[in-house]
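Come along and check each entry with me.

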Amino acid sequence: MQVTIKVFRYNPEKDKKPHYETYQLEADPTDRVLDLLEKVKGYKDGTLSFRRSCAHGVCGSDAMRINGSNKLACKALVHDFGAKITVEPILGLRVIKDLIVDMEPFFDNFRKVLPYFINDDPAPEKERYQSQEDRERFDDTTKCILCAACTTSCPSFWASDEYLGPSAIVNAHRFIFDSRDQGAAQRLKIMNEIMGVSRCHTVFNCTLACPREIQITKAIGEVKKALMTGSLE
Amino acid sequence: MGLKRNVSLKDGLRYQGKGPMLTYILHRISGLSIVLFVALHILAAFLSQQYSSSAGTFINDIYESWIFQIYIIFCGLFHAINGLRIVILDLWPKLIEYQNEAIWIEWLVFLPIYGMAVFVIIRTALAG
């Protein structure tokens, strides 16, 4: 099938303003949008810049706005969009070039939530035991690949990149509800700050954008409830 | 080098967030409209009572018109029902898995009540 792909272009060395360029390509309906971008870069215009790494939905490098909503280009199939596809960078982060954005504010927020295991008890001889039920409690939020599709779909994050954003809260949730971890109180204090969970207005864009199908708004809701009740039950 | 991070209103509104995003936008618009309505109401009362000004009557005429009533009832009712949905989901996060169904229920509750109110307003307006 013939596909028209319209791509957001911005080269800071040449362009004063961003613009769009359109390319005609021959594609299979089962091609991925990433394949189209590779074809453009390989055969039409080698200056096109975008991030990609594993190309299999694991590394989270190629989050972008495809036909208006955030997707991973390596998981978005052409037949889901039709013959006209528009590709733009994710919103709320500074565009460096074409589809590449500055991810630093996103990772700053990630680091703020102490996304690592905290337990000062001496390590046991074998493993720190955890029941299947306790593991299940935070299973969903272990799946995050830090692609930023959720955070950059959130209107509260568009308003201010000081807001922790859905991804950082998901990663906090992963440790707050881990029965082996002892840093829940510290993290809940961070969640309770002015740019914490209270900035979530349950828009659900994050849940719809997540390529790993994490129930993000539910995870944020659980953190909100833990703050309200003071209990992790 | 590079562009600023600013997200324009146009960019935000162009984001394809489907049903939940629409309710979020309507919640904001209806909230602001209610504030405007209450402010106008207080202003009209103040001008009429304090200064017997015709400006108060003029403002009253605007918000007592049937078109404005249809608009403000939309805002008040939608804001209330959508707010209830958000409160329920915030208090019982387990229900968030059914957020799509919650939005359908919200519209199913909203549309008949609003339709009935619009019917009554228009019937009254036509009756003079």
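Before counting anything, I noted that two strands pair if DSSP finds at least two bridges between them. I also noted that this is a predicted model.

**Entry 1: strands.** I looked up β3 (residues 63-66) of chain A and found 2 bridges joining it to β5(A), with the two strands running antiparallel. Strand β1 (residues 2-9) of chain A also pairs with β5 (residues 84-88) of chain A, in the parallel sense and over 4 bridges. Then I picked out Val87(A) in β5(A): Val7(A) stands opposite it, and Val87(A) is also the bridge partner of Ile66(A).

Entry 2: Is Ala148(A) buried or exposed? Ala148(A) counts as buried, because its relative accessibility is 1% and the cut-off is under 20%.

**Entry 3: where the chains meet.** I read off 40 residues from chain A and 27 residues from chain B in the contact. Together the chains bury about 2,900 Å², 61% of it on carbon and sulfur atoms. On chain A, Trp158(A), Phe204(A) and Lys218(A) lose the most area to chain B, together 21% of what that side buries.

**Entry 4: salt bridges.** I counted 4 salt bridges between chain A and chain B. One joins the side chains of Arg14(B) and Glu88(A), at 2.7 Å from N to O.

Conventions. Residues numbered from 1 in each chain as written. Chains lettered and ligands numbered in written order. Predicted model: local features only at pLDDT ≥ 70, side-chain atom pairs only at ≥ 80, totals over all residues. Heavy atoms only, no water. Buried < 20%, exposed > 50% of the residue type's maximum accessible area, 1.4 Å probe, protein only. Contact = heavy atoms within 4.5 Å. Buried area = accessible area lost by both parts, 1.4 Å probe.
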